[in-house]
Amino acid sequence: GKAAAAVPAAPPSAASPAASYSAKESAAASGSPIADTARDFPQNHVMAVYWFRKSAEQGFALAQWQLGLCYENGHGVEKDLATAVKWFAKAAEQGLAPAQARLGHCYERGKGVPRDNTKAAFWLRKASEQSSVSSNT
């Protein structure tokens, strides 16, 4: 099998929060409006993978799905479709509809797993049933 991509055991150091704070502070002092939104912060995929993995290993379905997406797209880790499918399956088995749909599409297209129309139909149906239930509540 393929060696697992190295993920740091401790969070990688992020940009200095002090530098970020002083830039915002000076912008605020000059009267510039500052939006407190995620877009104000640089994306750090390696850090995201670190935290998703910590949560995913504790069984959190949303983190398992997000970690799968990171492996599927090569964000913060080397692209690895088989590992992506592994994490999608863990989240799908817990009933997370987006993970069930993603897993179904992987089986349908043979991405990271051998193509299997029976498994594809099973997972796509599970995801579809959940979206019908949630839209009727």
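This note goes through the helices, aromatic pairs and selected contacts of a predicted model.

1. **Basis.** The model is predicted: local features need pLDDT of at least 70 and side-chain atom pairs count only at pLDDT 80 or more, while totals for chains, interfaces and linings use all residues. Residues are numbered from 1 along each chain as its sequence is written, and side-chain values use heavy atoms, with hydrogens and water left out.

2. **Overall make-up.** The protein has six helices and zero strands. From the N terminus, the order of elements is α-α-α-α-α-α. Helices here are DSSP runs of H or I with at least four residues, strands are runs of E with at least two, and numbering starts at the N terminus.

3. **Burial and surface.** Of the 137 residues, 27% count as buried. Buried means under 20% relative accessible area, exposed means over 50%, and partly exposed lies in between (1.4 Å probe, protein chains only). The protein exposes about 8,600 Å². Carbon and sulfur atoms supply 56% of that area. Areas come from the Shrake-Rupley method with a 1.4 Å probe; for residues, only the protein chains shown count as cover.

4. **Contact range.** Take contacts between residues at least 6 apart in sequence: 46% of them join residues at least 24 apart. Contact means heavy atoms within 4.5 Å.

5. **Helix α2.** This helix covers residues 45-57. Its 13 residues reach 18 Å from first C-alpha to last, close to the 18 Å expected at 1.5 Å a residue. The expected span is 1.5 Å times one less than the number of residues. At the start of α2, a side-chain oxygen of N44 comes to within 3.3 Å of the backbone nitrogen of V46. After the helix comes G59, with a positive phi near 95°.

6. **Buried side of α2.** M47, V49, Y50, R53 and A56 are buried. Their cover includes α3 (61-73) and α4 (81-93). As background, an α-helix has 3.6 residues a turn, so residues three or four places apart point the same way.

7. **Helix α3.** Ten of the 13 residues of α3 are buried, so this helix is largely enclosed by the rest of the structure. The buried set is A61, A63, Q64, W65, L67, G68, L69, C70, Y71 and E72. These residues pack against α2, α4 and α5. The end C-alpha atoms of α3 are 18 Å apart, which agrees with the 18 Å that its 13 residues should span. G74 follows α3, and its phi is positive, near 70°.

8. **E72.** This residue lies in α3. With 6% relative accessibility, E72 counts as buried. Its side chain makes a polar contact of 3.4 Å with that of K111. A polar contact is a pair of N or O atoms within 3.5 Å; within protein, one must be able to donate a hydrogen and the other to accept it, and residues adjacent in sequence count only if both atoms are side-chain atoms. Leaving aside neighbours within four places in sequence, E72 touches K79, L81, A84, F88, R102 and K111.

9. **Helix α5.** Residues 97-109 form α5. The helix has 13 residues and reaches 18 Å between its first and last C-alpha, close to the 18 Å expected. Its buried residues are A99, Q100, R102, L103, G104, C106 and Y107. G110 follows α5 with a positive phi, near 70°.

10. **A97.** This residue also belongs to α5. A97 and Q130 are 33 residues apart along the chain, yet their C-alpha atoms are separated by 6.3 Å. Not counting residues up to four places away in sequence, A97 touches A127 and Q130.

11. **Aromatic pairs.** The count comes to two aromatic pairs. The rings of Y50 and W51 have centres 4.6 Å apart and planes at 85°, so this pair is edge-to-face. F122 and W123 are also edge-to-face, at 4.9 Å centre to centre and 85° between the planes. Rings of Phe, Tyr and Trp (its six-membered ring) pair if their centres lie within 6.5 Å; planes under 30 degrees apart are stacked, over 60 edge-to-face, and the rest tilted.

12. **Accessibility within the pairs.** Y50 is buried at 7% relative accessibility, whereas W51 is partly exposed at 44%. F122 is partly exposed at 37%, whereas W123 is buried at 12%.

13. **Charge over a ring.** The charged end of K90 sits over the ring of W87, 5.7 Å from its centre. The rule asks for NZ of Lys or CZ of Arg within 6 Å of the ring centre and within 35 degrees of the ring normal.
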